[in-house]
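This briefing concerns the structure shown below, grouped by topic for quick reference.

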Amino acid sequence: LILCLEAMKNPLFREIVSTKTGALPKSNMRSKAYRYNTTNRVMYPRNVWEYETDFADDIVGIKTGSISEAGLHLACCMEYEEQDLTFYSVVMHADEVMINGAERSGHYLDTIELLTWARTFHKEGVAAGEQIATAATKGSRKDNISLVAESEALMLTQDALQRTVSLNEIGKEVKAGDKLGTLTLTDDFGNIKEIAL
């Protein structure tokens, strides 16, 4: 995965691995033009319905592979523009499987399953300066100050993030920039982010 992340920073590499099909012209190295297609069937299903998804056009690489000792493998990258997210998946040691009497490649099917699951996530959180709560200074009978997020905080979630506001003791006088509490965001897996208010 680390190698994928680093390689995809190179624009030429990224362009090459995101190419579905193309042709090499006749040259001093070949007597006729040569057409090629990517072997990444998640990116280019080629009319095999088991590999068809509604996100094939979001796939931007990366590399298929197969050796007898390691089985079938695929490193894949998907840019989910609707959510401004990029997902990577790496499937290793997959096998061929039979589906309705046809042999299909497990590394494509497993990758499709992983990326389908990834697309159930969205970014949620707070913007820097966003009002989170109101509070009252000591002695006030009603809320007279706004508590805003000190910084942006975003997390991935399938459902809504859990938000918990904890307030410090607030005195009679408050000035801009005073830390008056914290907002705690908790995702579906128990990951936590705390933002000063």
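Met92 is found in strand 5 of this predicted model. With a relative accessible area of 62%, Met92 is exposed. Together with Leu1, Leu5 and Val90, Met92 makes a nonpolar surface patch of about 390 Å².

**Nonpolar cores**

- In soluble globular proteins, nonpolar side chains tend to be buried together.
- The largest nonpolar core has 17 residues, of which Val42, Phe55, Ile59, Phe87 and Leu115 touch the most other members.
- Strand 4 (71–80), strand 5 (85–94) and helix 3 (106–118) are the elements that give two or more residues to this core.
- Helix 3 provides the largest share of this core, five residues.
- Leaving aside residues up to four places away in sequence, Phe87 is in contact with Cys76, Cys77, Met78, Tyr80, Leu115, Ala118 and Leu156.
- Another core, of 16 residues, lies apart from the largest one and includes Ala135, Ile145, Ala153 and Ile170.

- Ile195 belongs to strand 14, which covers residues 192–196.
- Ile195 counts as buried because its relative accessibility is 2%, below the 20% cut-off.
- When residues up to four places away in sequence are not counted, Ile195 touches Val126, Ala149, Glu150, Ser151, Ala153, Gly181, Thr182, Leu183 and Leu185.
- Between Ile195 and Gln158 the separation is 37 residues in sequence and 21 Å in space, taken from C-alpha to C-alpha.

**Cysteines**

- A disulfide is a covalent bond between the sulfur atoms of two cysteines.
- The structure holds zero disulfides.
- For Cys4, the closest cysteine sulfur is that of Cys77, and the separation of 8.4 Å is too far for a bond.
- Cys4 counts as buried, at 11% relative accessibility.
- For Cys76, the closest cysteine sulfur is likewise in Cys77, and the 7.4 Å between the two sulfurs is too far for a bond.
- Cys76 is also buried, at 0% relative accessibility.

**Salt bridges**

- Seven salt bridges are present in the structure.
- One of them joins the side chains of Glu79 and Arg14, with an N to O distance of 2.0 Å.
- This pair links distant parts of the chain, since Glu79 is in strand 4 and Arg14 in helix 2 (residues 11–17), 65 residues apart.
- Both partners count as partly exposed: Glu79 has a relative accessible area of 22%, and Arg14 is at 23% relative accessibility.
- Asp57 and Lys20 form a salt bridge in which the closest N and O atoms are 2.8 Å apart.
- Asp57 is exposed at 67% relative accessibility, whereas Lys20 is partly exposed, with a relative accessible area of 24%.
- Lys123 forms a salt bridge with Asp84, and their closest N and O atoms are 3.5 Å apart.
- Distant parts of the chain are linked by this pair: Lys123 is in strand 8 (residues 122–126) and Asp84 in the loop between strand 4 and strand 5, 39 residues apart.
- Lys123 counts as partly exposed at 31% relative accessibility, while Asp84 counts as exposed at 60%.

Note on methods. Residues numbered from 1 in each chain as written. Predicted model: local features only at pLDDT ≥ 70, side-chain atom pairs only at ≥ 80, totals over all residues. Heavy atoms only, no water. Helix = DSSP H or I, 4+ residues; strand = E, 2+ residues; numbered from the N terminus. Buried < 20%, exposed > 50% of the residue type's maximum accessible area, 1.4 Å probe, protein only. Contact = heavy atoms within 4.5 Å. Core = buried A, V, L, I, M, F, W, Y, C linked by side-chain atoms within 4.5 Å. Patch = residues over 30% accessible without salt bridge, like charges linked within 9 Å, V, L, I, M, F, W, Y side chains within 5 Å. Areas by Shrake-Rupley, 256 points an atom, 1.4 Å probe, with all protein chains shown as cover. Salt bridge = Lys/Arg side-chain N within 4 Å of Asp/Glu carboxyl O. Disulfide = S-S within 2.5 Å.
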